[in-house]
Amino acid sequence: MPRKSAAERRTEIVEAGLRVIAREGMHGASVRAIVAEAGVPLATFHYVFGSRDEMIGEAYAHSAGFVSEAPLELMPRDASPEQVVRSLLDAWFERFLEHPEWELAAIEIMAYCRRTPSLAHLHQEVQERYLTVVERLLGALEARLGIVSATPARELATLVVQIADGVTYSWLRTGDTAAARRMLDAAVPMLLAAVDAHGR
């Protein structure tokens, strides 16, 4: 079996950390608990991370990193704007359902960062990264539909993130997948109206 790279080990440990944090909270997310979850020696952790807080920061960013342009590439070229937007929202939600514990862990980490001076900057950095990824996706969407949005990209990306936050937090409280899908149904015309596009 080929030896795993440091980057692969980092990802393994980060995802193990997210599972532990979601299950035990930050108080239970010791380095030993995380390496036990990952199935790696303690020395491996210290080889790929300088500290627990470094790993926590990377885990926070990782939890927000599942926005993808891939669904756009799979849509028929004659799909309507409504179909394309709904397909993207569905793809995002299905990805969330694969790892809802990541969002739960992110909430725990956010609270921890706000109470930890050395990590107080992290929440804004992760939010900025998330908005940048969504802006890039929206740019790809506009190019795909041949439109130019009258709404500034950052405002539109912020709206998308707020919708996603509302759906995920509601699902984490209730576990009601059908209700979450109805929220996404309602979000489609809202987003299309926010684009207020011309040049279609």
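Helices H4 and H7 are oblique to each other, because their axes cross at roughly 130 degrees; angles under 35 degrees count as roughly parallel, over 145 as roughly antiparallel, 65 to 115 as roughly perpendicular and the rest as oblique. The model is predicted, so local features need pLDDT of at least 70 and side-chain atom pairs count only at pLDDT 80 or more, while totals for chains, interfaces and linings use all residues. Residues are numbered from 1 along each chain as its sequence is written, and side-chain values use heavy atoms, with hydrogens and water left out.

Two packed helices are described by the angle between their axes and the distance between the axes. Helix H4 covers residues 52-63 and helix H7 residues 100-115, and their axes come within 9 Å. Helices here are DSSP runs (H or I, at least four residues), numbered from the N terminus. The axes are lines fitted to C-alpha atoms over the stretch in contact, and angles run from 0 to 180 degrees between N-to-C directions.

The residues of H4 that meet H7 include Ile 56, Ala 59 and Tyr 60, and their partners in H7 include Trp 102, Ile 109 and Met 110. Contact means heavy atoms within 4.5 Å. By class, this contact has nine nonpolar, two polar and two charged residues. Ala, Val, Leu, Ile, Met, Phe, Trp, Tyr, Cys and Pro count as nonpolar, Asp, Glu, Lys and Arg as charged, and the others, Gly among them, as polar.

The next topic is the aromatic rings. The structure holds five aromatic pairs; rings of Phe, Tyr and Trp (its six-membered ring) pair if their centres lie within 6.5 Å, and planes under 30 degrees apart count as stacked, over 60 as edge-to-face and the rest as tilted. Phe 93 and Phe 96 make a stacked pair, 5.9 Å centre to centre with 25 degrees between the planes. Both belong to helix H6 (residues 81-98), and because they are three residues apart, about one helical turn separates them. Phe 93 has a relative accessible area of 0% and is therefore buried (under 20% relative accessible area; exposed is over 50%, partly exposed in between, with a 1.4 Å probe and protein chains only). Phe 96 is also buried, at 1%.

Phe 96 forms an edge-to-face pair with Trp 171, at 5.4 Å centre to centre and 90 degrees between the planes. This pair links distant parts of the chain, since Trp 171 sits in helix H9 (residues 153-174), 75 residues apart from Phe 96. Trp 171 is buried as well. Trp 92, Phe 93, Phe 96 and Trp 171 form one aromatic cluster.

Note on methods. Helix = DSSP H or I, 4+ residues; strand = E, 2+ residues; numbered from the N terminus.
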